[in-house]
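Please look over the sequence and the model below.

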Amino acid sequence: MQLAPTEEQEAIRQAARRFLAAEITRERRLAWDRTAEGHDPAFWEAVARLGWFGYGLPAAYGGQGASLLDLGLLVEELGRAAAPFGVFAAIVGGLALTALGTPVQKRAWLPAMARGEKLVTLAVAEESASTDPAAFATVVRRRGSTLRLAGEKRYVLQGVTADAFLVAARDGRGVSAVLVPADAPGVRVEPQKTFGKDRQSIVRLKDVALPSSALAGRPGAAWPRFTALRTRLAALLCADMIGGADAVLEMTTRYVCEREQFGVKLGTFQAVQQMVAVMAIELEGARHVTRQALWRLAEGLPAAREVAVAKAWTGRAYREATLTAHQLHGGAGYVIEHELHRYSARAKEAELRFGSTEEWLEALADELRLARDGARSR
């Protein structure tokens, strides 16, 4: 595999970086913080014109058919700019519907999603369950040609602006995927205030009646597809974290090279130099393991071990980079208006989404067959 971007990939990445730098100003970002969506229509339309929402979608449905590795390079730039998380949510929704939806659902939704006109988002996790389907309280029952859905989903990205939700629900035989329009009677979306400003919501489903065509795939057989999708999305989120960590490293390096203490630049102190060097080493390692995971997924190769390594490493590296950056920025780093806070909050949120560091370490331990008797002490 080739870890370094090709000439074409690098051109796309640099174009994305220039666009985001021009579009995301401090003043505009502060204005977005006061909106329900986390962005304004002009920014969303500009992103749509670039084709980013459909970049990783099949060409048959209006997308560009980019590989997961190519998509990861774009997502890396979104993370570097700390772009509105709604863009990532839209990309994730397109990948989710591609993986889970029926041909009819894909034809009905994906072209509009590729144009940025519709948003479908995942609704899987619950208050006490995220990866254990046996613990899901959300259930779907079939009565003739009608589905009845009831339950509650949490941590739903961009739920406030979603047009539909891909819901994981128990059906007595296993887990089914159900495409639920946001305006269906019985659906209530409650925005949640989070430190990461990522527009999470609780989606409450009270006796929602849907046609049987809302079922995505065979009844009771969706969980393996949800699991495979989570693996791909975790790797893609690592790319976002790499971009963010790179931005944090850059702003910290610039600060210690400019800031004077005791009459000399901070960057001349050996301890400071070593702290920044550790940030750079951790970032470089995270970049390599993430791109390896994305490449293997894009090539259809087994990648469970690589994704577990990438998510555990990158989540920790991003979080630690922001903590080091706060320490080196001194008092300036603790002013809430400083841009560093935005990256710190995003680092913690991203570390938890699609599985925490601890969960992925356990997954890696399973891959290494550390618990050969099938039991792990707690």
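Helices here are DSSP runs of H or I with at least four residues, strands are runs of E with at least two, and both are numbered from the N terminus. Leu78 belongs to helix α4, residues 68-80. This is a predicted model, in which local features need pLDDT of at least 70 and side-chain atom pairs count only at pLDDT 80 or more, while totals for chains, interfaces and linings use all residues. Residues are numbered from 1 along each chain as its sequence is written, and side-chain values use heavy atoms, with hydrogens and water left out.

Is Leu78 buried or exposed? Its relative accessible area is 2%, so Leu78 is buried; the term means under 20% relative accessible area, with exposed over 50% and partly exposed in between (1.4 Å probe, protein chains only). Contact means heavy atoms within 4.5 Å. Beyond its neighbours within four places in sequence, Leu78 is in contact with Leu20, Trp52, Ala83, Val87, Ile91, Asp240 and Arg346.

Helix α2 (residues 26-33) has Arg28, Arg29 and Trp32 as its buried residues. These residues lie on the same side of α2 because they cover an arc of only 100° around the axis, the arc being that of the directions from the helix axis to the C-beta atoms. The buried residues of α2 pack against α1 (7-23), α3 (41-50) and α10 (339-352).

A nonpolar core is a set of buried Ala, Val, Leu, Ile, Met, Phe, Trp, Tyr and Cys residues joined through side-chain atoms within 4.5 Å. The largest one has 117 residues, and Leu122 and Phe226 have the most contacts inside it. Helix α7 (residues 223-258) supplies the largest share of this core, 19 residues. Apart from neighbours within four places in sequence, Leu122 is in contact with Val92, Ala96, Leu100, Val156, Leu166, Phe226, Leu229 and Leu233.

Thr231 is also a residue of helix α7. With a relative accessible area of 18%, Thr231 is buried. Residues up to four places away in sequence aside, Thr231 touches Leu297, Val307 and Trp360. Thr231 and Gly355 are 124 residues apart in sequence, and their C-alpha atoms are 9.5 Å apart in space.

The surface is the last stop. Val264 lies in strand β10, residues 264-265, and counts as partly exposed because its relative accessibility is 34%.
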